[in-house]
Amino acid sequence: LRERLMDVLEHLPGVAPVAAPVRTATDLWPRLHEGDLDVVIVERHQLPGDPAAWVAEVRALPEQPEVVVFAAREDPQERATLLAAGCLAVLNAGLGDADLASTLAAFVQRRRTEGMQILGVDAGLPRSSLQDFVSRSEAMQQFMATARRVVHSGSSLLILGETGVGKERLARSIHQDGPSSTGPFLAVNCGALPETLLESELFGHERGAFTGATRTRRGYFELAHGGTIFLDEIAEMPLHLQVKLLRVLEDRRVQRLGGESAVPVNVRIMAATNRDLDEEVRARRFRSDLYYRLAVVTLTLPPLRLRREDVPDLVESYLRHFVLSLGRPLEGVTSEAMEALVRYDWPGNVRELINVMERMVLLAPGPMIELVDLPRAVAGRREAPAPPAATAAAGLPRWRGRTLADAKDEVLSTFLRGYLSEVLTEADGRMGDAAARAGVNVRTLYQLMREQGLRKEDFRGGGR
């Protein structure tokens, strides 16, 4: 049975390399305490005197590996006891190869789904497809024609474009329409993780590789086996990690932090950035050999200001979405408001448009979104001058008729935008430096910047 199981598992699509079998349940414990196991498959005769207690102990480990027991004979009472202890299944050892393969494939898919939920991958996200990228713009139509030609290729892909144009959505759609759609899609923001954590997250680590590494842990490359890994903000990756990534691209093998041997992986690599990689290569901040390996195919998403004819359709689409999700019975957008939406340059691109539409659906007082309802910048209105700060009374007319909550939100937003702009200017747009100055982690800084519509690119070159 052991040889049959190994053969079936090695031929299941999307299954990472199978650990070498052990001969007894007792021999398995050192392997279990190292971590990095998804499923433990054991024959009934290998289990110790109290099988249910053994299963419960395995399930209590931090990774909560599933347990599958193969038995030579049916014992309904023991089967019920094992299942109650947390066993995933008790199967007949006489299963044919076809049934064995389909059963194990179902277990693998279940474990993968649970793993994706734990990682927060695809949580609440609808299935994406290139068919969703409907456009009236000639530039976008030409772009999508190129994108469709690379869907069924396993080649590396580099996606370029400004912040908010939809680079991750495009990568996800290419993955979903391609041959690896049954495998995982894992997205990693290389600029949102500290350098020391990024290496472990991407490549994994062995037990004892560093202080606190009490168990072996697979990285995103191994977790994406049989699917796609999307490396967002690839230009933020440190040079020494660029070397490790290049090795993965060339050898299709990953070496964990502190590991001595490499693990083979079958994964498609997509990367994205809003930086000019040619300039980054010239400045020696990005390796030229990695650039050429990533850019087997390069797709540059056009910004929204270069395809204004798509704005009305996008506005209507997200209006319908938020009307349903937020329960606000709005009828539409007036012609004056739509003209302003089309005329606006959208520096935050589709992401900014989505945020604006959500805000309008929430706050518009009437049945239609009107010009006066739009943010000042979108509507083309000039910002009102700030009230003099000499006395508290000087600011009263500005707040007249406003609730305390509304006034408080505006003051907080104004403060945050000014403070973050100052910090980012001093840091010359470097996220790690800016986060340290602000006393927050990089992930929190990104979130605050998104809320205020700030981009790190706007602060590069202006530091003091």
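## Leu-424 and its neighbours

Leaving aside residues up to four places away in sequence, Leu-424 touches Gly-429, Met-431, Ala-434, Met-449, Leu-454 and Phe-459. Contact here means heavy atoms within 4.5 Å. Leu-424 sits in helix H18, residues 404–426. Helices (H or I, at least four residues) and strands (E, at least two) are DSSP runs, numbered from the N terminus.

Leu-424 is buried, at a relative accessible area of 0%. Buried means under 20% relative accessible area, exposed over 50%, and partly exposed in between (1.4 Å probe, protein chains only). Lys-456 is 32 residues from Leu-424 in sequence, and their C-alpha atoms are 7.1 Å apart.

## Basis of the model

This is a predicted model: local features need pLDDT of at least 70, side-chain atom pairs count only at pLDDT 80 or more, and totals for chains, interfaces and linings use all residues. Residues are numbered from 1 along each chain as its sequence is written, and side-chain values use heavy atoms, with hydrogens and water left out.

## The chain overall

The protein chain has 20 helices and twelve strands. It has 464 residues, and 43% of them count as buried. Among contacts with a separation of 6 or more, 69% come from residues 24 or more positions apart.

The chain exposes about 24200 Å², and carbon and sulfur atoms supply 52% of that area. Accessible areas come from the Shrake-Rupley method with a 1.4 Å probe; for residues, only the protein chains shown count as cover.

## Nonpolar cores

The largest nonpolar core has 33 residues. Such a core is a set of buried Ala, Val, Leu, Ile, Met, Phe, Trp, Tyr and Cys residues joined through side-chain atoms within 4.5 Å. Helix H10 (residues 239–251) gives the most to this core, with five residues. A second, separate core has 27 residues, including Val-323, Leu-330, Ala-337 and Met-357.

Leu-202, Phe-221, Ile-229, Leu-231, Ile-234, Leu-245 and Ile-269 have the most contacts inside the largest core. Beyond residues up to four places away in sequence, Leu-231 touches Val-188, Cys-190, Leu-202, Phe-221, Leu-245, Ile-269, Met-270, Ala-271 and Ala-272. In soluble globular proteins, nonpolar side chains tend to be buried together.

Arg-256 lies in the loop between strand E7 (253–255) and strand E8 (262–264). Arg-256 is buried, with a relative accessible area of 10%.

Its side chain makes a polar contact of 2.8 Å with that of Glu-222. Another, of 3.5 Å, joins the side chains of Arg-256 and Glu-206. A polar contact is a pair of N or O atoms within 3.5 Å; within protein, one must be able to donate a hydrogen and the other to accept it, and residues adjacent in sequence count only if both atoms are side-chain atoms.

## Aromatic rings

The whole structure holds five aromatic pairs. Rings of Phe, Tyr and Trp (its six-membered ring) pair if their centres lie within 6.5 Å; planes under 30 degrees apart count as stacked, over 60 as edge-to-face and the rest as tilted. Tyr-344 and Trp-346 form an edge-to-face pair, 4.7 Å centre to centre with 80° between the planes. Tyr-344 is buried at 14% relative accessibility, and Trp-346 is buried at 0%.

Arg-169 lies over the face of Phe-133, 4.3 Å from the ring centre. The criterion is NZ of Lys or CZ of Arg within 6 Å of the ring centre and within 35 degrees of the ring normal.
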